[in-house]
Amino acid sequence: MSELTETGMATRRRVLGDAHVDRAEAAKTPFDLPFQTLITDAAWAHVWSRDTISLRERSMLTIALLAGLGNDHELAMHVRATRNTGASADDIMEALLHVAIYAGVPRANHAIKIAKQTLAEMEAEG
């Protein structure tokens with residue numbers, strides 16, 4: 001494993017948690033190995049590992065972008081990741097209010113539904 005991949009994997013685990021990353025790694029096949037390496041190196045090492053803004057701020061940006069683009073599955077995953085990034089439910093709402101203005105009310109409305117459900121699940125899990 002390259003140093004870049006090691007950095008990315010450490011950040012990925014810090015943000016998404018060991019259980020999520022372990023499941024993703026166990027599901028990896030030779031077919032999707034190039035993609036998994038790409039996201040670990042590019043997203044998690046090159047972007048998420050930078051020290052210019054906090055994980056909380058990156059989390060809020062990511063939630064807003066995913067909501068604005070309608071990437072619902074990834075949105076729920078990153079709402080869950082707020083346990084590890086320090087972004088609060090209020091932070092999530094602030095990001096989604098921006099989505100309403102800059103990406104559209106329907107996108108924000110749907111994202112709020114997903115965030116509410118995911119936050120409720122997280123609360124029930126403890």
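This is a predicted model: local features need pLDDT of at least 70, side-chain atom pairs count only at pLDDT 80 or more; totals for chains, interfaces and linings use all residues.
## Surface and overall shape

How does the radius of gyration of the protein chain fit with a compact globule? A compact globule of 126 residues would have a radius of gyration near 14 Å, so the 15 Å of the protein chain agrees with that expectation. The C-alpha trace spans about 40 × 30 × 25 Å along its principal axes. Of the 126 residues in the protein chain, 35% are buried.

## Secondary structure and contacts

The secondary structure is quick to list: seven helices and zero strands. Read along the sequence, the pattern is α-α-α-α-α-α-α.

Among contacts between residues at least 6 apart in sequence, 67% join residues at least 24 apart.

## The nonpolar cores

The largest nonpolar core has 15 residues, and those that touch the most other members are Ile63, Ala67, Leu75, Val79, Ile92 and Leu96. Helices α4, α5, α6 (89-102) and α7 each supply at least two residues of this core. Leaving aside neighbours within four places in sequence, Leu96 is in contact with Ile63, Ala67, Ala108, Ala111, Ile112 and Ala115.

There is also a second, separate core of nine residues, and Met9, Trp44, Met77 and Ala81 are among them.

Not counting residues up to four places away in sequence, Gly8 touches Thr40, Trp44 and Ala45. The C-alpha atoms of Gly8 and Val47 are separated by 9.0 Å, and these two residues are 39 residues apart along the chain.

Thr62 sits in helix α4. Its relative accessible area is 18%, and because buried means under 20%, Thr62 is classed as buried. Which residues does Thr62 touch, not counting residues up to four places away in sequence? The partners are Trp48 and His78.

## Salt bridges

Now for the charged side chains. Side chains of opposite charge can pair when their charged atoms come close. The structure holds eight salt bridges, and a few are worth a look.

Arg12 forms a salt bridge with Glu25, with the closest N and O atoms 3.5 Å apart. This pair links distant parts of the chain, with Arg12 in helix α1 and Glu25 in helix α2 (residues 18-27), 13 residues apart. Arg12 counts as buried at 4% relative accessibility, whereas Glu25 counts as partly exposed at 24%. Another salt bridge joins the side chains of Asp18 and Arg13, at 3.1 Å from N to O. Asp18 is partly exposed at 45% relative accessibility, and Arg13 is partly exposed too, with a relative accessible area of 26%.

## A salt-bridge network

Glu125 forms a salt bridge with Arg80, and their closest N and O atoms are 3.0 Å apart. The two lie in distant parts of the chain: Glu125 is in helix α7 (residues 105-125) and Arg80 is in helix α5 (residues 72-85), 45 residues apart. Glu125 is partly exposed, with a relative accessible area of 49%, and Arg80 counts as partly exposed at 28%.

Which residues are linked in a network of salt bridges? The network consists of Arg80, Arg83, Glu121 and Glu125.

Ile53, Leu61, Leu65 and Leu69 make a nonpolar surface patch of about 390 Å². Ile53 is found in the loop between α3 (33-47) and α4 (55-69).

Methods:
Residues are numbered from 1 along each chain as its sequence is written. Side-chain values use heavy atoms; hydrogens and water are left out. Patches are made of residues with over 30% relative accessible area and no salt bridge: like charges are joined within 9 Å, nonpolar side chains (Val, Leu, Ile, Met, Phe, Trp, Tyr) within 5 Å. Accessible areas come from the Shrake-Rupley method with a 1.4 Å probe; for residues, only the protein chains shown count as cover. A salt bridge is a side-chain nitrogen of Lys or Arg within 4 Å of a carboxyl oxygen of Asp or Glu. Helices (H or I, at least four residues) and strands (E, at least two) are DSSP runs, numbered from the N terminus. The radius of gyration is taken over C-alpha atoms; the globule rule is 2.2 Å times the number of residues to the power 0.38. Buried means under 20% relative accessible area, exposed over 50%, partly exposed in between (1.4 Å probe, protein chains only). Contact means heavy atoms within 4.5 Å. A nonpolar core is a set of buried Ala, Val, Leu, Ile, Met, Phe, Trp, Tyr and Cys residues joined through side-chain atoms within 4.5 Å.
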